[in-house]
Amino acid sequence: MLRVIYGGSPAASAKSLELILKDSAMSMTSSVKEEQYKIVGILTNPPSAQGRHKDLIPTDVAKYAGIWNEAREDNIKILTPEHIKEAEREELAALQPDIYVCFAYGHIVGPKFLSLFKHGGINLHPSLLPKYRGATPVNAAILNQDSETGFSIQKMALGIDEGDVIYEERMGLAGTETAELLLNKTALYGAIAITNILRQTARTGMLPDATPQEGTPSYCTIIKKEDGKINWKDSAEKIDAQIRAYTPWPGCFTTANGVQLRILKGASATKIAAQDNSIPKNTNAVPGTVLSYAKHRGILIQTGDGILIATELQWQAKKAMDYKSFMNGSRNFIGSVLE
């Protein structure tokens, strides 16, 4: 039986964990004994202070692992170290792990850590490596308005995302995806690929063959809260991509009459005009001008090139609203200039 440590923290990683755990349970009851594998330990970030009262909340991965243990009467060890040092490595070694599987754990691991595992580690990375190495590949693909993305399963190496690729899968982009939806899709499809790799490794006693990355590497940057600030001089297409890339975090925002306003959903008018010729594609208005309210489409806002149609908005410290509800409580909004 192949003994697995899983490392991950956010919601998307929890979705992958769920599928892998269920497949692991099936492998343990399968007649094909050679493909058995079991997650014996979980590595995830420590609980973080959240909310008004700064309550300590466990990661989504820790939450799901706890639910699994209780529902299945399992005993998967859940480890939440701030740092992985000698004591933590000894605790992991006691679990006699064979392989480390990682998806968005949030920690860089070193050679001493990887040496704990007979088969080393594999990592699910949401891009077609070597494109978009780093922490925010999904956001980068949307921001750059790529027509295609995908994911890679790579052998873990000491350099960030430099490992050889065991498996990759391409996914077309329609130009409507949010970062949240695309990451969740990657989590599902990537987990399926991981289960196949784990079963094969259990059966053969070795990882599948891996191929060195080909092409010139590119890197994505860490996202900051201020990256969500909308520059209305940008094109409608670029702002549309920005809104989708920063959903759910950090979100996109602007200022209306001195009050912060979040634009939660929107689309370039060029995407709508093909089905509705009553929607203008552009005007000569100052970028940021709120042009009009199209009852069946949304709120039309002029950009540096083209019109953005906002469909879900949120005033600072208020609830998010669809554009119809928003307009009911926002007099004199039409004609204002957003900054």
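Analyst: A crossing counts as right-handed if the near helix is turned clockwise from the far one by less than a right angle, and as left-handed if anticlockwise. The model is predicted, with local features requiring pLDDT of at least 70 and side-chain atom pairs 80 or more, whereas totals for chains, interfaces and linings use all residues. Numbering starts from 1 along each chain, and side-chain values use heavy atoms, without hydrogens or water.

User: Is the crossing of helix 1 and helix 6 left-handed or right-handed?

Analyst: Helices are DSSP runs (H or I, at least four residues), numbered from the N terminus. The axes of helix 1 (residues 11-29) and helix 6 (residues 179-204) come within 8 Å and cross at roughly 30°. Helix 1 is therefore roughly parallel to helix 6 (an angle under 35 degrees). The crossing itself is right-handed.

User: Which element gives the most to the lining of the second largest pocket?

Analyst: By class, the lining of the second largest pocket has 5 nonpolar, 6 polar and 5 charged residues. With 4 residues, the element giving the most to this lining is strand 11.

Definitions and conventions:
Helix = DSSP H or I, 4+ residues; strand = E, 2+ residues; numbered from the N terminus. Nonpolar A, V, L, I, M, F, W, Y, C, P; charged D, E, K, R; others polar. Axes fitted to C-alpha atoms, helices over the stretch in contact; angles between N-to-C directions. Parallel < 35°, antiparallel > 145°, perpendicular 65-115°, else oblique.
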